[in-house]
Amino acid sequence: MKVIKSEIYKTSNKKNEEIKEHNDAPKLYIETYGCQMNVSDSEVVNSIMIDNGYALTDDVKAADVIFINTCAVRDNAEQRIRNRLQALNAMKKKRKGLIIGVLGCMAERLKEKLVQEEQMVDIVAGPDSYRTLPQLVKQVEIGQKAINVLLSRDETYAEISPVRKDANNVTAFVSITRGCDNMCAFCVVPFTRGRERSRNPESILREVREVISEGYKEVTLLGQNVDKYNWNEGEVNFAQLLKLTAELDPKVRVRFSTSYPQDFTDEVIKIMAYHDNICKYIHLPVQSGSNNMLEKMKRGYTREWYLNRINAIRKYIPDCAISTDMISGFCGETEDDHRDTLKLMEEVGYDFAYMFKYSERPNTFAARNFEDDISEETKKRRLSEVIALQQKLSLKSNEKDVGKVFEVLVEGFSKKSQDRLFGRNSQNKVIVFDKIDAKIGDYVNVIVKSCTSATLLGEIEK
Ligand code: SAH
Ligand code: F3S
């Protein structure tokens with residue numbers, strides 16, 4: 001999943017406008033770290049807090065309550081958040097009554113420790129306890145510390161309509177499952193987000209209809225492993241949910257993340273191939289190209305199985321873009337294992353990848369059973385080789401697109417110039433082009449004129 005940091009706020013949302021008319025409404029500021037699922041969760045929190053009389057603000061200095069929605073997947077994510085909490089704590093010392101809450105995966109992992117030992121925060125709330133946030137704030141207001149890290153087997157926030165940050169009002173995330181049962185040896189997510197559970201399909205489709213009626217043009221269905229989506233013991237599986245979503249409006253694009261190689265079926269590929277509005281892009285994290293490592297990681301598939309899935313994608317959707325996540329330096333990884341990873345990357349020819357050094361996470365299977373025995377230096381060197389190779393592969397993939405015309409959904413202005421826009425094609429590649437008369441939210445046909453390894457550069461076709 002893409003690692004992003006965004007500050008969640010919403011000023012044009014109707015619900016928020018109504019609240020804002022009462023200027024005395026307490027102000028909530030949320031900062032979100034980590035994966036798209038966290039972005040989606042922050043939107044649920046926005047909704048819960050607005051319903052309880054809060055207004056959202058994008059100005060941390062104006063806030064009465066600050067929530068930091070956290071990520072625990074790697075140690076450096078946690079370190080960054082700790083630094084941020086320290087800075088906020090300094091602010092708290094100067095401003096009496098300011099309430100600071102830690103939400104999400106770090107809250108779940110560290111529980112009472114955050115409040116007791118570090119004394120930095122007032123509220124600690126795990127991913128399944130957001131409905132109780134208004135009560136937790138009240139508890140703090142009467143002088144108590146407030147902690148709720150109970151994980152649930154059935155919480156999906158199904159009926160809550162998330163209040164979205166209106167960065168573009170074009171693309172929306174909709175969560176379809178919560179938690180994960182895979183228990184990959186390196187991963188903390190099953191511990192911080194709890195058991196896998198699927199959200200009621202009617203509530204998913206209702207939310208998608210809602211965002212379409214608000215003018216959104218693209219919906220991304222989210223889950224740690226979307227392929228495990230299963231409503232009512234097989235009544236609706238992921239392929240069927242994808243089909244139902246795509247059929248709501250042929251002009252609205254549908255994406256999904258994340259697929260899991262072992263569970264990724266031909267049925268899903270065929271549905272993708274059949275519906276023009278399902279984007280031709282699959283994020284299928286492999287983690288390693290070595291069978292030894294895959295077994296130790298408890299991924300449940302081999303490189304041969306993975307390549308079979310890639311072949312199936314290529315067979316039904318020849319123009320499909322494929323990306324992956326990679327971990328370098330997992331416990332016991334040899335140079336041969338590392339070379340297997342590089343070979344697999346070449347063989348698949350990934351269009352892009354998210355690449356990480358292994359970071360041991362307390363209490364995971366790997367932490368309990370294996371030694372974190374690859375030196376920092378070796379991890380770094382292997383990761384840099386993986387990154388260098390991916391840059392070559394991405395450039396090669398982008399060069400193949402020069403001269404082609406793509407339908408692009410315009411998402412925003414280019415960082416460098418207000419005269420240029422950016423958007424993505426179905427393959428999830430970012431394309432930058434001169435604005436002419438196009439606007440955010442339009443579909444435009446863009447011919448690719450040149451590229452870098454990260455971006456396609458083009459012109460609107462007249
Ligand atoms: N299935 C999830 C995965 C969440 S973690 C999803 O929806 O994307 C995202 C990525 O972080 C993983 O695919 C893996 O590549 C990486 N990751 C997870 N735990 C890690 C660890 N302990 N060290 C390094 N990278 C890790
Ligand atoms: Fe983590 Fe594996 Fe689930 S990477 S989120 S345990 S699929």
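Modeller: Start with Glu78, which sits in helix H3, residues 75-94. Keep in mind that this is a predicted model.

Biologist: Which residues is Glu78 in contact with, leaving aside neighbours within four places in sequence?

Modeller: Cys71, Ala72, Met106, Arg109, Leu110 and Arg361. The cut-off for contact is heavy atoms within 4.5 Å. As for Tyr33, it is 45 residues from Glu78 along the chain, and their C-alpha atoms are separated by 9.6 Å.

Biologist: Now H8 and H9. What is the angle between them?

Modeller: Helix H8 (residues 201-213) packs on helix H9 (residues 238-246) at about 30°, with the axes 10 Å apart. Angles under 35 degrees count as roughly parallel. So H8 is roughly parallel to H9.

Biologist: Which residues make that contact?

Modeller: H8 gives Pro201, Ile204, Leu205 and Val208, and H9 gives Leu241, Leu244 and Thr245. Of these residues, 6 are nonpolar, 1 is polar and none is charged. The crossing of H8 past H9 is right-handed.

Biologist: Which residues of helix H10 are buried?

Modeller: In H10, residues 266-274, they are Val268, Ile269, Ile271 and Met272.

Biologist: How do you know where they lie on H10, seen down its axis?

Modeller: The buried residues fall within an arc of 160°, so they line one face of H10.

Biologist: What do the buried residues of H10 pack against?

Modeller: H9, strand S14 (253-257), strand S15 (281-283) and helix H12 (303-316).

Note on methods
Residues numbered from 1 in each chain as written. Chains lettered and ligands numbered in written order. Predicted model: local features only at pLDDT ≥ 70, side-chain atom pairs only at ≥ 80, totals over all residues. Heavy atoms only, no water. Axes fitted to C-alpha atoms, helices over the stretch in contact; angles between N-to-C directions. Helix = DSSP H or I, 4+ residues; strand = E, 2+ residues; numbered from the N terminus. Parallel < 35°, antiparallel > 145°, perpendicular 65-115°, else oblique. Left-handed = near helix turned anticlockwise from the far one by under 90°. Nonpolar A, V, L, I, M, F, W, Y, C, P; charged D, E, K, R; others polar. Buried < 20%, exposed > 50% of the residue type's maximum accessible area, 1.4 Å probe, protein only. Arc of directions from axis to C-beta.
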